[in-house]
Amino acid sequence: MKNGSPAGNIFFDSGEIWKAKSRIAGFVDKTPLIYSAGLSNAFRASVHLKLEFIQPTRSFKLRGAANMILSLSEEERQQGVATFSTGNHGFAVAYVAKELGIPAAIFISERVPEVKVNNLRALGANLVIYGDNQDDAEEYCYKKAKAESWSVVEPFDDPKVIAGQGTIGLELLEQIPDLDTVIVPLSGGGLISGIALALKSVLPQSRVIGVSMKGSPTMYYSLKEGKPVILEEKNTLADSLLGGIGLDNKYTFQLVRRYVDKVILVNEEAIAAGMASLFKNERLAVEGAAATTIAALGEKNLIEPNSRVVLIISGSNIDSKSFINAIKAYL
Ligand SMILES: *Cc1c(COP(=O)(O)O)cnc(C)c1O
């Protein structure tokens, strides 16, 4: 499988993940894997946490963005990069561009809240504000990028981005070579596709489980329908998991269909309780998307008793007030 594996009608060379590992080494930290005694006792398994929020931009998104941008030619880099994400991916692209000293344009709609706008500005990105929703901003991003010869850094549906996220899987193979199950927050599917490709190329019997919020789980319904669907977005604590998978999805839909063993859904109360539980057990403060993995442990018969389980704690971009509001009912 190291030489690539067919997935539906696409072919993904998992060797790209090993290449990504050396390419991004100077930008991305190898993150710790810690054992959680509290969660292990509560769920009768050996529960480990992969602390991806330790990255400089507080989420794993740096891995994929760095791998994509570092794969561009010198000339392409100097032309500049662009993206249309307001969240962790936008931060990651802005950060990598700043480190490399190349121009980056982030396309956002007029509706993006001021905190986020200020945070992106602080990273030195050129903010292009357009339209009253993120779809318009995305369309405009592609149009301008074409005219200006900027490279668009996709948030998840790109082989270099998927390979970058997959480097988490390579670290897990070193840190816990006998793992049984990995539980991964799931939105567009770049994170889970990369991890599943890396793990299953070495440990084909390992299980990879995706978690989304009940409100608008686009990948879950797309898998059910057998094709990408669009859902209305609902407010959620797991705001980093909002957004569709793209009706013309090229990679992640098929990769998830092929390599992910199961996708489960969790409700808002369980996400908040998960955030509180991580704080109480480990003194870690994380965002809702990351806590979906803890919420998932409550699902009946999901994990084998005494098995070795890894939860991907994907990010911690949440302000103090929202964090306190979310957890206070569960302390
Ligand atoms: C983007 C993101 C995810 C989901 O990653 P996908 O590749 O879109 O599935 C999970 N957690 C956090 C914190 C994120 O920023």
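Is K144 buried, partly exposed or exposed? K144 is partly exposed, with a relative accessible area of 27%; here buried means under 20% relative accessible area, exposed over 50%, and partly exposed in between, using a 1.4 Å probe and protein chains only. The model is a predicted one, so to speak of a local feature takes a pLDDT of at least 70, side-chain atom pairs count only at pLDDT 80 or more, and totals for chains, interfaces and linings use all residues. Residues are numbered from 1 along each chain as its sequence is written, and side-chain values use heavy atoms, with hydrogens and water left out.

K144 has a partner: a salt bridge joins K144 to E148, with the closest N and O atoms 3.6 Å apart. A salt bridge is counted when a side-chain nitrogen of Lys or Arg comes within 4 Å of a carboxyl oxygen of Asp or Glu. Both residues sit in helix α7 (residues 134-148), and because they are 4 residues apart, about one helical turn separates them. Helices (H or I, at least four residues) and strands (E, at least two) are DSSP runs, numbered from the N terminus. An α-helix has 3.6 residues a turn, so residues three or four places apart point the same way. Like K144, which is partly exposed, E148 counts as partly exposed, at 36% relative accessibility.

S149 is not a glycine, yet its phi is positive, near 60 degrees. With a relative accessible area of 44%, S149 is partly exposed.

The structure holds 11 salt bridges in all. Side chains of opposite charge can pair when their charged atoms come close. One of these bridges runs between K21 and E174, whose closest N and O atoms are 2.7 Å apart. K21 belongs to helix α1 (residues 15-23) and E174 to helix α8 (residues 159-175), so this pair ties together parts that lie 153 residues apart in sequence. K21 is partly exposed at 34% relative accessibility, and E174 is partly exposed too, with a relative accessible area of 44%.

Another bridge pairs R308 with D178, the closest N and O atoms being 3.4 Å apart. This one also links distant parts of the chain: R308 is in strand β12 (residues 308-313), while D178 is in the loop between α8 and β9 (181-185), 130 residues away. R308 counts as partly exposed at 28% relative accessibility, and D178 does as well, at 42%. Elsewhere, salt bridges with shared partners join K50, E52, R63 and E171 into one network.

Now for the ligand. It is surrounded by 16 residues, the closest being K61, N88, G189, G190 and S314; a residue is near a molecule if one of its heavy atoms lies within 4 Å of it. That shell divides into 6 nonpolar, 8 polar and 2 charged residues.

A backbone N or O atom of G188 lies 2.9 Å from an oxygen atom of the ligand. For G189, a polar backbone atom is 2.7 Å from a ligand oxygen. S314 takes part through its side chain, with a polar atom 2.7 Å from a nitrogen atom of the ligand. The protein covers 97% of the 380 Å² of accessible area that the ligand has on its own, as given by the Shrake-Rupley method with a 1.4 Å probe.

Two further helices complete the picture. Helix α11 (residues 252-259) is mostly covered, since 6 of its 8 residues are buried: T252, F253, Q254, L255, V256 and Y259.

At the start of α12, a side-chain oxygen of N267 reaches to within 3.2 Å of the backbone nitrogen of E269. The buried residues of α12 are I271, A272, G274, M275, A276, S277 and L278. After α12 comes R283, with a positive phi near 60 degrees. R283 lies in the loop between α12 and α13 (288-296), and counts as exposed at 59% relative accessibility.

Conventions:
Polar contact = N/O pair within 3.5 Å; in protein donor to acceptor, adjacent residues only side chain to side chain. Nonpolar A, V, L, I, M, F, W, Y, C, P; charged D, E, K, R; others polar.
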